[in-house]
Amino acid sequence: MSKFLIAATVFICVFVSGEANAEDTNSKSLNQWMEGEFLKFARTCAGNEADKVKVGEGETAIPLQIAESNLLIANRDKSVSIEPIDSEIVLFSEVFEDAELTKKVQSQLVTPWIAEGRPIIFDRSSSAVFLEDCVSVFRTEGRFKFNFGALKSAVRGAFEKDLAQTQLLFGGRLQSPVLAGLRELPTTQSAESSEIPGLFPTAISIWDWYRRNEEQIGKKLWVRRELSGFSRRQISNLTYQSLLDAAARVGISIPLISTSAKGKVKVNREIDAEIRNYTVVYWDEVGARLPDPSDLVELIEGDVSKYTSKISGLPEAIADGELLQGLSFTVRDVGSACNGSIWQLVPPSSVSKNAAIVSGLGVRPEGNDCTFSFDATPSAEASSTSVVRLAIESSIGEGANAVAVVIAPPVAEVADYRAALSLSRKASPGRPIEVATDQTSFNAKFAFFVNDRKDWGIKSSGHLPDLQVQCSDLADEPITNGTGATVREVSGFTQLEFEMNSTFTVPDIAPGGNDKTFSCVMSGSVGLSTFSEGVRAVRFKPIPFDVVKKASAAPIQANPSDAAANGGT
């Protein structure tokens, strides 16, 4: 039997090509509707001889095995609603303002499973499959009155593809795929996972419906929970022999085709067909509450992790604080909710010292999935790992009805080689560097410990460091050069020592004036090698220090009394 949940009496009928009459949308009994369908079917089979086909007195147009099925016997006098709609699933996508399902909301749910054509139908034990072609319809004695021309057309229509059409009907007690997706129907719990829409895709599609219909937020809304019904598809270019071949190869599968009302369909890899029209009749419908946005938040946030990828685009490690661009993560089955105008970055409530700063959210649909892109700037505080953590939210409603749903990918950690560098205080300027009056440059010794905390295989590369020095209140930018790096082992750590010379121009200081202090910062990178990535320029945390330009002493003034003693006047 089919992999689909089917509790239905199903029959498939093949007949010669011919357009069906417009469906009578007035309410009638199930038996009346069925009689009309099979009389129309038989007449279509007869082609040009259609007017010669009539139902015998006291007979029925409904095939015997269908007329005697429990489903029809139990409901033949039921008053049914007749809808010329694309799919029975449309009935479950309609929203109502009342529990009696009489006040319909204009906008329907746009659910992710409509294209799948998978109605949830329970009670498999009552399911059955019937195959009826034009030949078998006319073979049943005593039901139809017809002539030989009608039978000849029926035989051709059953086996010649260009003339053939198929009428597929199936029925039973159908459950809502909306509520099945939300896991609110206990009868679907034993079903295969592939037969039931996912919780997150279902909930996020309803969330997006509320976003597009915000006037409905705060109201009590209803959808159909279940109903009894039959559906009919009319398909061209599908012969009785094709159906038998399909059944022999893959087993009878209902529906053998999609539930789209029109367009090309594929029964299997070898058999193509085309749907011409579609009708649904139903009765005994029961309603259920549609979850409101606050209910959806818990459902979405509780299930979205199954659909969310890890962050991609991250480097193996970072060695500086430069912007990481083009990072992204993907959430599957977002559907119409993949809209850049409704998702924003959530400001973090607190930020750890090693957390990157996230910015620049982008939203890009990829089929039914949604990719969120962003940039991240590593923290200036180096740690053994840099953490990339972000969350996005969608908000709907206003005032008391405002609510937001949050989605977050798994937190990502990236090795941060900057943590392998620590400044040695002994070799760094512990006091201001003094520059004599006649000097325009200064020398300073700096030293770093190379501490491989994570067994990255980090060691000094022996390369000279790349240094930059900036000092406040200088007329010209300094010219900085690193000199002779020395590598030695100190207490089990590698220590890298180097001296730097910086040449810059300072304002003249008048003799006898005050010393001038300049606030300086040294920044740059040290070349380190690793097992996996070779030499990396690892940027160290900027080092502040002061440089003092010494003023010259004031000139000594001659004493007047000394001048007189030496013969002055």
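Modeller: The chain has 11 helices and 30 strands, where helices (H or I, at least four residues) and strands (E, at least two) are DSSP runs numbered from the N terminus. This is a predicted model, in which local features need pLDDT of at least 70 and side-chain atom pairs count only at pLDDT 80 or more, while totals for chains, interfaces and linings use all residues. Residues are numbered from 1 along each chain as its sequence is written, and side-chain values use heavy atoms, with hydrogens and water left out.

Of the 569 residues in the chain, 47% are buried, a word that stands for under 20% relative accessible area, whereas exposed stands for over 50% and partly exposed for what lies in between (1.4 Å probe, protein chains only).

An α-helix has 3.6 residues a turn, so residues three or four places apart point the same way.

Now to the rings. The structure holds four aromatic pairs, and rings of Phe, Tyr and Trp (its six-membered ring) pair if their centres lie within 6.5 Å, with planes under 30 degrees apart counted as stacked, over 60 as edge-to-face and the rest as tilted. In one of these pairs, the rings of phenylalanine 200 and tyrosine 307 have centres 5.2 Å apart and planes at 40 degrees, so this pair is tilted. Because phenylalanine 200 lies in helix α8 and tyrosine 307 in the loop between α10 and β12 (317-318), the pair ties together parts that are 107 residues apart in sequence. Phenylalanine 200 is buried at 0% relative accessibility, and tyrosine 307 is also buried, with a relative accessible area of 12%. Another pair joins tryptophan 209 and tyrosine 210, whose ring centres are 5.3 Å apart and whose planes stand at 75 degrees, so this pair is edge-to-face. Tryptophan 209 is buried at 0% relative accessible area, and tyrosine 210 counts as buried at 1%.
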